[in-house]
Amino acid sequence: MITQTVRLIRSKGVGIFFVTQTPKDVPGDVLAQLGSRVQHQLRAHTPDDARALKATVSTYPSSGYDLAQVLQNLAIGEAIITVMNEHGAPSPVAWTRLRVPQSSMSPTPPEERAAAVAASPLLARYGAPADTTSARDILQQKAVMAADARAAAEAQQLLAAQTRAAESELTGLGAINARLGQAETDAAAQLTGQARAQDIADKRAARRQQRQNDRLRKDTANAGVRLARLVVGKLFGSTRR
């Protein structure tokens with residue numbers, strides 16, 4: 001995994017620095033790609049350390065030093081160094097005493113920072129601030145557009161759901177109206193039937209009443225006739241006697 005990562009990074013022309021207690025911590029395929037080396041003291045207290053020391057010495061360019069002895073005797077601040085020269089070849093091995101960095105861990109004072117900026121040869125090109133669109137601005141804009149698109153999609157889904165609910169409600173109301181209309185039709189038909197039945201019953205009652213009246217008149221007339229006959233009979237019968 002480390003070897004593949006290093007190869008991918010180096011293929012882009014990016015330099016990599018490894019800081020480790022012993023060179024054996026770095027895979028051999030990675031060590032083969034290292035051009036500059038700063039090696040401090042190595043101990044050889046165990047057989048494994050001795051083999052690691054021998055392997056480290058064998059990876060350096062040829063030199064007049066007894067590297068196996070020198071690497072074990074390096075003092076604090078000393079190192080064996082080889083770097084890539086301007087032609088891309090390893091430089092001769094050098095037994096070097098490293099200078100203590102003349103630096104500070106505190107923030108740079110504003111006046112020193114301003115002086116360094118003013119003395120920079122890049123000031124003419126990069127001194128004036130430019131309000132350009134950065135990758136961060138583009139990503140933020142895309143994020144806003146994506147959020148707007150999601151909100152629009154959610155609003156469209158909500159509208160579609162509301163439309164379906166309204167259509168379902170209208171369909172239910174239509175069915176209710178249809179049932180009410182049918183009920184009204186049935187009620188009207190029932191009322192019409194009842195009115196017709198009542199009319200028929202009234203006509204039948206009127207005919208019965210008419211028949212009764214006719215029968216009463218006939219009976220009254222017959223009774224009158226019989227009464228008249230009886231009176232005439234009584235009158236004329238008495239005369240004869």
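The following questions and answers walk through some side-chain features of a predicted model.

Student: How are the rings of Tyr65 and Trp95 arranged in their pair?
Tutor: Let's start with how such a pair is described: by the distance of the centres and the angle of the planes. The ring centres of Tyr65 and Trp95 are 6.1 Å apart, and their planes stand at 75°. Planes over 60 degrees apart count as edge-to-face. So the arrangement of Tyr65 and Trp95 is edge-to-face.

Student: How many residues apart are Tyr65 and Trp95?
Tutor: Good thing to check on the sequence! Tyr65 sits in the loop between helix 3 (47–58) and helix 4 (67–73), while Trp95 belongs to strand 3 (residues 94–97).

Student: Is Trp95 buried, partly exposed or exposed?
Tutor: Buried needs a relative accessible area under 20%, and exposed needs over 50%. Trp95 has 39% relative accessibility.

Student: Which residue lies over the face of Tyr60?
Tutor: Look at the ring of Tyr60 and find the side chain placed over its face. The distance from the ring centre is 4.2 Å, and the residue is Arg37.

Student: Is Gln39 buried or exposed?
Tutor: Find Gln39 in strand 1 (residues 37–39). Beyond the residues up to four places away in sequence, Gln39 touches several others, among them Pro23, Thr56 and Leu71. Its relative accessible area is 11%, and the cut-off for buried is under 20%, so Gln39 is buried.

Student: What is the relative accessible area of Thr56?
Tutor: Thr56 is in helix 3. Leaving aside neighbours within four places in sequence, its contacts include Gln39, Arg37 and Leu42. Thr56 is buried, and its relative accessible area is 4%.

Student: Which residues make the nonpolar surface patch of about 370 Å²?
Tutor: One member to look for is Leu180, in helix 7 (residues 135–240). Leu180 counts as partly exposed because its relative accessibility is 48%. The patch is made by Leu170, Leu173, Ile176 and Leu180.

Student: How many salt bridges does the structure hold?
Tutor: Side chains of opposite charge can pair when their charged atoms come close. Here Arg51 pairs with Asp48, Arg97 with Glu78, and Arg217 with Asp214. The count of salt bridges is three.

Student: What separates Arg51 and Asp48 along helix 3?
Tutor: Their side chains meet at 2.1 Å, N to O. Arg51 is exposed at 52% relative accessibility, whereas Asp48 is partly exposed at 44%. Because they are three residues apart in helix 3, the separation is about one helical turn.

Student: How far apart in sequence are the parts that Arg97 and Glu78 tie together?
Tutor: The N to O distance in this salt bridge is 2.9 Å. Arg97 lies in strand 3 and Glu78 in strand 2 (residues 78–82), so the parts tied together are apart in sequence by 19 residues.

Student: What is the distance between the closest N and O atoms of Arg217 and Asp214?
Tutor: These two are three residues apart in helix 7, which means about one helical turn. Arg217 is partly exposed at 48%, and Asp214 is partly exposed at 33%. In their salt bridge, the closest N and O atoms are apart by 2.1 Å.

Methods. Residues numbered from 1 in each chain as written. Predicted model: local features only at pLDDT ≥ 70, side-chain atom pairs only at ≥ 80, totals over all residues. Heavy atoms only, no water. Phe/Tyr/Trp six-rings, centres within 6.5 Å; stacked < 30°, edge-to-face > 60°. Helix = DSSP H or I, 4+ residues; strand = E, 2+ residues; numbered from the N terminus. Buried < 20%, exposed > 50% of the residue type's maximum accessible area, 1.4 Å probe, protein only. Lys NZ or Arg CZ within 6 Å of the ring centre and 35° of its normal. Contact = heavy atoms within 4.5 Å. Patch = residues over 30% accessible without salt bridge, like charges linked within 9 Å, V, L, I, M, F, W, Y side chains within 5 Å. Areas by Shrake-Rupley, 256 points an atom, 1.4 Å probe, with all protein chains shown as cover. Salt bridge = Lys/Arg side-chain N within 4 Å of Asp/Glu carboxyl O.
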